[in-house]
Amino acid sequence: MNAGEKQRVPWIVGVSGASGTPYAAAVLRALLAAGESVDLVVSRASRLTLLDETGISFRDAHWQDDLRAWLSRGADGKPGTFDVDVDGVRHWSAGDFAAGPSSGSYPVKGMLIVPASTACVAGVALGLSKDLLQRAASVTLKEGRKLVVAVRETPLNGQMLRHLVTLDDAGAVVVPASPAFYAGATHIQDLVDFVAGRVLDAAGVDHRLYRRWKGELGGGTRTA
C-alpha cells in the first residue's frame with residue numbers, strides 16, 4: 001500500500017446453509033450501496049441452498065458472474081430486478097484457512113452471518129472452526145469486533161437456544177430472521193428487506209431498506 005493510500009477495511013459476510021439466501025443478497029446489496037467493502041465467505045452447504053432457492057450455482061472460478069446473477073435477482077425469483085456492481089466484494093473459499101479473515105491481524109469492521117443455520121451457530125458457539133466461516137466468526141469474537149448472527153430456524157430447541165445464549169454472552173448480536181409488518185410490506189421483497197435492515201442496524205450500517213417506526217399507529221398503511 002502506498003503512503004497516503006486508504007486501507008481497505010471490509011465487512012465479512014458469511015452465508016451458511018440455512019434457507020434464506022434472499023436475506024444474504026439484500027444485506028450484500030445494501031452494504032455495497034452504502035459504499036462498504038465486503039469479504040464474502042459462502043459455505044459449501046449454502047451453495048446447495050442457493051442452487052435450490054435460485055437455480056444459481058456458486059463457483060469459485062466464476063464467483064463474480066455468479067454473485068452478480070444472484071444479487072440481481074429479486075426475492076420473488078425474478079432475474080434482473082437489481083443492478084449491482086460487485087467490484088467492492090472479495091471472495092474467499094470456505095476451505096481456505098490461509099485467507100485474510102482467518103487472522104485477527106487482518107483488518108475488518110466486523111462480521112455478519114446471514115442466514116445462520118443451527119449447525120453454523122453451534123460451530124461458532126463451540127469454537128469448532130471447521131471452515132473459514134466459523135473460523136472468521138471465532139476471530140471476530142476474540143478480537144472484540146461486531147458479530148451479527150441472523151439465525152434462520154424454527155422451532156428452536158433447548159440446545160439451540162443455549163448456543164445462542166453462548167454467542168450473546170460472547171458479545172455477538174443475535175437477530176432472528178423474523179419479518180415485521182408495521183413498515184407497510186406489500187411484497188415479499190419488503191419482508192426480506194426488513195430483516196436485512198435489522199441486521200444492518202445491529203452492525204451500525206446506514207441503509208434505507210424499510211420504513212422506520214415513528215410512533216404513529218397506522219403509519220404502515222399510508223403511502224410514503
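Q: How many salt bridges does a search of the whole structure find?
A: The search finds eight salt bridges, a salt bridge being a side-chain nitrogen of Lys or Arg within 4 Å of a carboxyl oxygen of Asp or Glu. This is a predicted model, where local features need pLDDT of at least 70, side-chain atom pairs count only at pLDDT 80 or more, and totals for chains, interfaces and linings use all residues. Residues are numbered from 1 along each chain as its sequence is written, and side-chain values use heavy atoms, with hydrogens and water left out.

Q: Which residue does Asp 66 meet in a salt bridge?
A: Its partner is Arg 59, at 2.7 Å from N to O.

Q: Is Asp 66 buried or exposed?
A: Asp 66 is buried, at 5% relative accessible area. Arg 59 is partly exposed, at 40%. Buried means under 20% relative accessible area, exposed over 50%, and partly exposed in between, with a 1.4 Å probe and protein chains only.

Q: And what does Glu 143 form a salt bridge with?
A: Lys 142, with the closest N and O atoms 2.6 Å apart. Glu 143 is partly exposed at 34% relative accessibility, and Lys 142 is exposed at 52%.

Q: What about Asp 201, which residue is its salt-bridge partner?
A: Asp 201 pairs with Arg 212, and the closest N and O atoms are 2.8 Å apart. Asp 201 lies in helix α7 (residues 188-203) and Arg 212 in the segment after α7, so the pair ties together parts that are 11 residues apart in sequence. Helices are DSSP runs of H or I with at least four residues, numbered from the N terminus. Asp 201 is partly exposed at 23%, and so is Arg 212, at 40%.

Q: Which residues are joined into one network there?
A: Arg 198, Asp 201 and Arg 212, through salt bridges that share partners.

Q: Switching to helices: at what angle do α1 and α3 cross?
A: Roughly 100 degrees, with the axes of α1 (residues 21-33) and α3 (residues 63-71) coming within 9 Å. Axes are lines fitted to C-alpha atoms, for helices over the stretch in contact, and angles run from 0 to 180 degrees between N-to-C directions. The two helices are therefore roughly perpendicular, the term for angles of 65 to 115 degrees.

Q: Which residues make the contact?
A: From α1, Thr 21, Ala 24, Ala 25, Leu 28, Arg 29 and Leu 32; from α3, Leu 67, Trp 70 and Leu 71. Contact means heavy atoms within 4.5 Å.

Key:
Angles under 35 degrees count as roughly parallel, over 145 as roughly antiparallel, 65 to 115 as roughly perpendicular and the rest as oblique.
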